[in-house]
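Dear colleague,

I am handing over the structure we spoke about, and below it I have set down what was found in it. Please read the notes with the coordinates open beside them.

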Amino acid sequence: MDYKKLCDSAVKYGSAFHKELDFSADRGYFWAPGEDGIPVLMKDGKNQMSPITKVYKRLLNGPEDNVKSFYVVALLIADGRLNLSHGDKKG
């Protein structure tokens, strides 16, 4: 797959992946430009994640970059059940 097709596919499927995560405004997440210009999901200016980058890596590297673990961790963070600053679960 050429680079442009890879990037286009990552944006398309990464955006769809975002919808699957159901990170609507009620969870406090919103789309914002990341440092590299790739849109990321942000919350309170301190939490961010990039479904587009994750999908890009999956398309580039194959199954070793599975999106399932990203999905599980993203939901734990969004629900406040994983505190990355201390590396512990809240419950």
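**Helix α3 and its ends**

Asn 66 caps the N-terminal end of α3, with a side-chain oxygen 2.9 Å from the backbone nitrogen of Lys 68; helices here are DSSP runs of H or I of at least four residues, strands are runs of E of at least two, and both are numbered from the N terminus. This is a predicted model, in which local features need pLDDT of at least 70 and side-chain atom pairs count only at pLDDT 80 or more, while totals for chains, interfaces and linings use all residues. Residues are numbered from 1 along each chain as its sequence is written, and side-chain values use heavy atoms, with hydrogens and water left out.

Within α3, the residues Phe 70, Ala 74, Leu 75, Leu 76, Ile 77 and Ala 78 are buried, where buried means under 20% relative accessible area, exposed over 50% and partly exposed in between, with a 1.4 Å probe and protein chains only.

**The fold and its core**

The protein has three helices and five strands, and from the N terminus on its elements run α-β-β-β-α-α-β-β. Of its 91 residues, 34% are buried, and the accessible surface comes to about 6,200 Å², with 54% of that belonging to carbon and sulfur atoms; these areas come from the Shrake-Rupley method with a 1.4 Å probe. Taking contacts (heavy atoms within 4.5 Å) between residues at least 6 apart in sequence, 38% join residues at least 24 apart.

The largest nonpolar core has 11 residues, namely Phe 17, Tyr 29, Leu 41, Met 49, Val 55, Phe 70, Ala 74, Leu 76, Ile 77, Ala 78 and Leu 82. Helix α3 (residues 67-78) gives the largest share of this core, five residues. A nonpolar core is a set of buried Ala, Val, Leu, Ile, Met, Phe, Trp, Tyr and Cys residues joined through side-chain atoms within 4.5 Å.

**Salt bridges**

A search of the whole structure finds two salt bridges, each defined as a side-chain nitrogen of Lys or Arg within 4 Å of a carboxyl oxygen of Asp or Glu.

In one of them, Lys 4 pairs with Asp 8, the closest N and O atoms being 3.0 Å apart. Both residues lie in helix α1 (residues 3-21), four residues apart, about one turn of the helix. Lys 4 is exposed, with a relative accessible area of 56%, whereas Asp 8 is partly exposed at 43%.

Asp 65 forms a salt bridge with Lys 54, and there the closest N and O atoms are 3.4 Å apart. This pair links distant parts of the chain, 11 residues apart, since Asp 65 is in the loop between α2 (51-61) and α3 while Lys 54 is in helix α2. Asp 65 counts as buried at 16% relative accessibility, and Lys 54 counts as buried at 14%. Leaving aside neighbours within four places in sequence, Asp 65 is in contact with Lys 54, Lys 57 and Arg 58.

With best regards

Conventions
Polar contact = N/O pair within 3.5 Å; in protein donor to acceptor, adjacent residues only side chain to side chain.
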